[in-house]
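Visitor: Could you walk me through this model, one question at a time?

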Amino acid sequence: MAREAGKRRLFINADDCGLTDGVTEGIAQALRVGLVGGTTAMVCPPGAMERLKRLGGAFAGRIGLHLQLTGGRPCLPPEEVKSLVGPDGAFPRKKIAVANVDPDEVRREWRAQLARLRSIGLEPSHLDAHHHIHKRPEVFPVFLELARELGVPARALSEDMRRELDAVGVPHAAACITSWFAEDLSAERFLTLIETAFASLPEGAVVEVMTHPGHLDAALTACSSYAADREEEWRVLTSPEFLQKLTERGIAAIMPAAIVDPPVE
């Protein structure tokens, strides 16, 4: 999907699809509204595959893979990925606890996560990682390898990451905003963040925004410190008034495939 001439292109991604029933249903609703262009799926949390199988098929082409080394249990047997798990056989809950990982174990586990998503008929439309774990220097080469193999857009969080993705021909947004999170979740702040990003970019560039819309449920409270704020994100991202504000500013919401396409002049 190429953008309309004169439009600035905005890709809003909803992270954490599959995490809980409430999060998954909230993301599905946001995708139906149309402002949220895509989501990335977690395949490791308990019950994730059942949720994705139930709701994910309707959004084929808009669901990417949210690669994990934190939260949930690995797809591979824990004894095969010892550097990635704790004594309980699960991934650490926090990224600070991910240390001394074996890149080959990361490679095999992430390929197993990809295979699990494909097992329910979903081919990833784009790629990112939970808790931005792909920023880690020992992990990023594996992320780069997988993104290049899949040929889909991937999330870049720094100029260095963008250069490396460019070097192997992996599409990405020109800027990725991760700071609309946990603090002031107003529409006004969202607009300020994206206007600032667009102001420094050339015509035709894409801005990505990481978001976490969803509905609060008991499972979310138990597994994530970011819980009630997801409801506020959902309210903004499904608001007709917010969509109108973007339209008035000449900003077009796009899907993952449009990150690849050149603008229509």
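**Pockets, rings and a central question of strands**

Visitor: Which residues that line the second largest pocket can you name for me?
Guide: A quick word first: this is a predicted model. The second largest pocket has a volume of about 150 Å³, and by class its lining has three nonpolar, two polar and three charged residues. The residues are Glu159, Arg162, Asp166, Gly169, Val170, Pro171, His172 and Ala174.

Visitor: And the largest pocket: which residues are the closest to its centre?
Guide: The largest pocket has a volume of about 710 Å³. Its lining has eleven nonpolar, twelve polar and eight charged residues, and strand 1 (8-17) and helix 7 (218-223) each supply at least two residues of it. Of the 31 residues in the lining, the closest to the centre are Arg93, His130, His131, Cys223 and Ser224.

Visitor: Is strand 1 largely enclosed or open, and how many of its ten residues are buried?
Guide: Here a residue is called buried when its relative accessible area is under 20%. Strand 1 is largely enclosed by the rest of the structure, because the buried residues number nine of the ten.

Visitor: Which strand pairs with strand 1 over six bridges?
Guide: Let's go through the partners. Strand 7 (residues 251-253) runs parallel to strand 1 and is joined to it by three bridges, with Arg8 partnered by Ile251. Strand 2 (residues 38-41) is also parallel to strand 1, again over three bridges, and there Asn13 stands opposite Gly38. Six bridges, in the parallel sense, belong to the pairing with strand 6 (residues 206-211), where the partner of Ala14 is Thr211: the answer is strand 6.

Visitor: What is the handedness of the β-α-β unit that strand 1 and strand 2 make with helix 1?
Guide: Follow the chain from strand 1 through helix 1 (residues 21-33) to strand 2. The β-α-β unit they make is right-handed.

Visitor: How are the rings of Phe190 and Phe242 arranged?
Guide: The model has four aromatic pairs. In the pair of Phe190 and Phe242, the centres are 5.0 Å apart with 90° between the planes. Planes over 60 degrees apart count as edge-to-face, so this pair is edge-to-face.

How values were computed
Residues are numbered from 1 along each chain as its sequence is written. This is a predicted model: local features need pLDDT of at least 70, side-chain atom pairs count only at pLDDT 80 or more; totals for chains, interfaces and linings use all residues. Side-chain values use heavy atoms; hydrogens and water are left out. On a 1 Å grid over the protein atoms alone, a cavity is a set of points where a 1.4 Å probe fits but cannot get out, and a pocket is an open set with protein on both sides within 12 Å along at least five of seven lines; lining residues have an atom within 4 Å of a point. Grid points are joined across faces, edges and corners, and a volume is the space filled by probe spheres set on the points. Helices (H or I, at least four residues) and strands (E, at least two) are DSSP runs, numbered from the N terminus. Ala, Val, Leu, Ile, Met, Phe, Trp, Tyr, Cys and Pro count as nonpolar, Asp, Glu, Lys and Arg as charged, and the others, Gly among them, as polar. Rings of Phe, Tyr and Trp (its six-membered ring) pair if their centres lie within 6.5 Å; planes under 30 degrees apart count as stacked, over 60 as edge-to-face and the rest as tilted. Buried means under 20% relative accessible area, exposed over 50%, partly exposed in between (1.4 Å probe, protein chains only). Two strands pair if DSSP finds at least two bridges between them. A crossover is right-handed if, with the strands pointing away from the viewer, the path from the first strand over the helix to the second runs clockwise.
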